[in-house]
Amino acid sequence: MSGAGLRGAPVFVVGAGIMGAGIVQIAAQAGHRVRLFDAREGTAAQARSRLAVQLEGLVAKGKLSADGAAGALANIEPVDALESAGETSLVVEAIVEDLEAKRALLRKLEAIVAPACVVASNTSSLSITALANGMARPGRLVGMHFFNPVPVMKLVEVVSGLHTDPAVAAAIYDLGVAWGKVPVHAKSTPGFVVNRIARPFYAETLALLLEQSAAPAVLDACLRGAGFRMGPCELMDLIGQDTNFAVTQSIYAANFHDRRYAPSAVQRDLVDAGLLGRKSGRGFYRYPEGVSALPAVAHAAPEAAAEVAVHGDEPVADWIERTVGATGCRTQRIRGSGWTGLQIDAARLMLTDGRCADRVAEECVARDVAVFDRPMQAAPVGGQAVAYAVAPTASERWRRQAPAWLARLGFAPQLVADTPGLVVARTIAMLINEAADAVLQGVCSVDGANAAMKLGVNYPCGPFEWLHGWSVSGVVAVLDALDMCYRGERYRTSPWLQRNRAAV
């Protein structure tokens, strides 16, 4: 089978909900004759009427020609019988996310469609291997996981189960390209690519909230400062705390209760209280107000120092040297010292390497120590929130001076509890670690992981792009510090990272 064999071929979509209707739209716009079926009487026709309005809206915005809209609408035919799928080349099911319901549908379809017909499931979480179990021709079944809204989101995960014929997966991949999407091959494992790799984005913030390390607004601001469009708390409120919690529970159970995917008591309490986010009017935040801006804090200029030195060999140190130098402060550069940051007389303002400020102070036999979070952008934006923590041994003077120096670097410093990896560094390290395990286990490729996370959940970078701008040793150091603090399986380093220390 080839992608060209499916291009222009008739398509049959089962399920006229938001996802099914979106799939119908992009297939019809790509020139396919599309039949739409829904078991609820009249639903398919209603979906076509809504699509007509949406297509007219695209014309009004200049995103689609009038002829293109008319042609796409003419390609869509609502039908009231599943038997109408008999002469199609591709069936895409987008019904309720229930294993037994989908299996029952697949058995009915196999009795109707031709032997060569490809059957695709838009499941976001169910195993393609499990869905194919019991099919007469399991090799024809493939996952075609779109993201909402389908006409806008570019990513489609092409998911292969144990039975999926590679030629079928290749045909769906090529068809995705023809439909204007960016397909990514994935193996049928819990969460596929996006929902699996994304778990630490929520989990690390929930862990910090459990420890009362910082308020939700501070954690969100720090991660937005790293380039994310939304912080984890506001995103969980948008998704729905119940929905996000259910996905986490599903992935946790499917991975045999691997502690890396463990749900959080913080989120369970929100769900139990009915604080589900935007849809209930309150979650981490109250709505419609939502996230409020952090109060602006004016920091006085740092006090004069006899000696100011920039330590480190990585690009962050280069940026610090340029930024401090631009303020007229005379500095010296010290390379090969094993840490990155500023030395102000005997005090240290250190880029986190995962260790708590308390531990750094003890190991360096230094009293005045503060650690600050990793700026993931090549040129940090002025005023971006950055987390920092101060060693308990620090003097009151240094507690004032540490944020003053961070403000001089252009940050909006946010004091958090002295936890390993702070906020951004631990979150990004865990996202990289999860992606590394996904590649190690054949779930996706390096390029696939990068594309999936940027296009599926709008991350500012792919996990391996972050890794390229950091270092394997730096990521492993943060993971090791987390593991030393918490112990257990959660922060174990992926063997992929261990094997590629010198390769990235």
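**Entry 1: the cores**

I began with the largest nonpolar core, which has 89 residues, and found that Phe228, Phe284, Ile428, Trp470 and Leu497 touch the most other members. A nonpolar core here is a set of buried Ala, Val, Leu, Ile, Met, Phe, Trp, Tyr and Cys residues joined through side-chain atoms within 4.5 Å. Buried means under 20% relative accessible area, exposed over 50%, and partly exposed in between, with a 1.4 Å probe and protein chains only. Helix α17, residues 424-440, gives the most to this core, with eleven residues. Helices (H or I, at least four residues) and strands (E, at least two) are DSSP runs numbered from the N terminus.

A note on what I am reading: this is a predicted model, where local features need pLDDT of at least 70 and side-chain atom pairs count only at pLDDT 80 or more, while totals for chains, interfaces and linings use all residues. Residues are numbered from 1 along each chain as its sequence is written, and side-chain values use heavy atoms, leaving out hydrogens and water.

Next I looked up Phe228, setting aside residues up to four places away in sequence: Phe228 touches Phe201, Leu223, Ile428, Leu431, Tyr459, Pro460 and Trp466. Contact means heavy atoms within 4.5 Å.

**Entry 2: Glu434**

Is Glu434 buried or exposed? I found Glu434 buried, at a relative accessible area of 1%. Glu434 sits in helix α17. Leaving aside neighbours within four places in sequence, Glu434 is in contact with Arg196, Ile197, Pro200, Arg260 and Tyr261.

**Entry 3: α3 and α4**

I then turned to helix α3 (residues 43-60) and helix α4 (residues 66-74), whose axes come within 9 Å and cross at roughly 165°. That makes α3 roughly antiparallel to α4. Axes are lines fitted to C-alpha atoms, for helices over the stretch in contact, and angles run from 0 to 180 degrees between N-to-C directions. Angles under 35 degrees count as roughly parallel, over 145 as roughly antiparallel, 65 to 115 as roughly perpendicular and the rest as oblique.

Which residues meet here? Arg48, Ala52, Leu55 and Val59 in α3 meet Ala66, Ala69, Ala72, Leu73 and Ala74 in α4.

**Entry 4: Ala30**

Last, I checked Ala30, which lies in the loop between α2 (18-29) and β2 (34-37). Ala30 counts as partly exposed, at 37% relative accessibility. Ala30 and Met144 are 114 residues apart in sequence, and their C-alpha atoms are 16 Å apart in space.
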